[in-house]
Amino acid sequence: MATNLDQQITTPAPPNLATPSQIYEQRFFTQSFGGLNVYFGKLTALFSALFGRRGGKWINNPYGAFQDGTDQVAANTTTAYAITFDTTDFSNGVTLSNSSRLNVAQAGIYNLQFSIQFTNTTNASQDVDVWFRKNGTNIDKSNSRFGFAPRKGAGDPFHIIAALNFFVSLAANDYVEIMWRTSDVGVQIEYYAASSTPTRPAIPSVIATLTFVSNLSQETA
């Protein structure tokens, strides 16, 4: 068993055994058993690497991590808006398109997680619904409602992070989107630049990850 530059294990090739003759030949059996011994030795090493204490380091599952560095606002309270992203942090079989679509190349069960930096600039309590769509269609029972207190003062909005995770079944080339609707246009998704005293990193308006969990079961494949 050999490793490549990407630190991935490789599957050993089966030995190329010759066809035995009708007459017993000790050399043939010696060579065949030798090839099989080497092959099974490589298989043993392969399984030891995969199922050892740190075997997970060899597993290459699809994943994607995305964020946005802009403010996102709602023009009205009767429209569903797709949350958008402008940065891909990590991508392995999960890609971003149309600014809002998280696409998968491999079928499977995926864990979709998000954190959204909401602000309420109004003087009243407000609500926001956040849910998921698959291939442009709402996913049943995927909605969550987040409640926000009134702003603390002029120029000092109420801040809150909305976060959760959701398992979704996806076929190859499917995509998912995160949707939102607000009870007042004074609620927005806000980006904050890096701060000083002390030095603090920027606050993305949205962070989302889509991670492969398992292959599809027979019932959903």
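Which residue forms a salt bridge with aspartate 156? In this predicted model, where residues are numbered from 1 along each chain as its sequence is written, local features need pLDDT of at least 70, side-chain atom pairs count only at pLDDT 80 or more, and totals for chains, interfaces and linings use all residues. Side-chain values use heavy atoms, with hydrogens and water left out.

The partner turns out to be lysine 152, with the closest N and O atoms 3.7 Å apart. A salt bridge here is a side-chain nitrogen of Lys or Arg within 4 Å of a carboxyl oxygen of Asp or Glu. Lysine 152 is exposed at 57% relative accessible area, while aspartate 156 is partly exposed at 31% (buried is under 20%, exposed over 50%, partly exposed in between, using a 1.4 Å probe and protein chains only).

Searching the whole structure turns up two salt bridges. Aspartate 129 and arginine 145 form one, their closest N and O atoms 2.7 Å apart. This pair links distant parts of the chain, 16 residues apart: aspartate 129 sits in strand 7 (residues 126–134) and arginine 145 in strand 9 (residues 144–148). Strands are DSSP runs of E with at least two residues, helices are runs of H or I with at least four, and both are numbered from the N terminus. Aspartate 129 counts as buried, at 8% relative accessibility, whereas arginine 145 is exposed at 58%.

Then there is glutamate 190, in the loop between strand 12 (187–189) and strand 13 (206–214). Glutamate 190 is buried but has no salt bridge, and the nearest side chain of opposite charge, lysine 152, lies 11 Å away. (Lys and Arg count as positive, Asp and Glu as negative; His and the chain ends are left out of the count.) What the side chain of glutamate 190 does make is a polar contact of 3.0 Å with the side chain of threonine 119. Another, of 3.4 Å, joins the side chains of glutamate 190 and glutamine 188. A polar contact is a pair of N or O atoms within 3.5 Å; within protein, one must be able to donate a hydrogen and the other to accept it, and residues adjacent in sequence count only if both atoms are side-chain atoms.

On to the strands. Strand 4 (residues 94–97) and strand 5 (residues 101–104) run antiparallel, joined by four bridges; pairing needs at least two bridges found by DSSP. Threonine 95 has asparagine 103 as its bridge partner in strand 5. Three residues lie between the strands of this hairpin, where asparagine 98 takes a positive phi near 55 degrees. Strand 5 is also joined to strand 11 (residues 175–182), antiparallel, by two bridges, with leucine 102 opposite valine 176.
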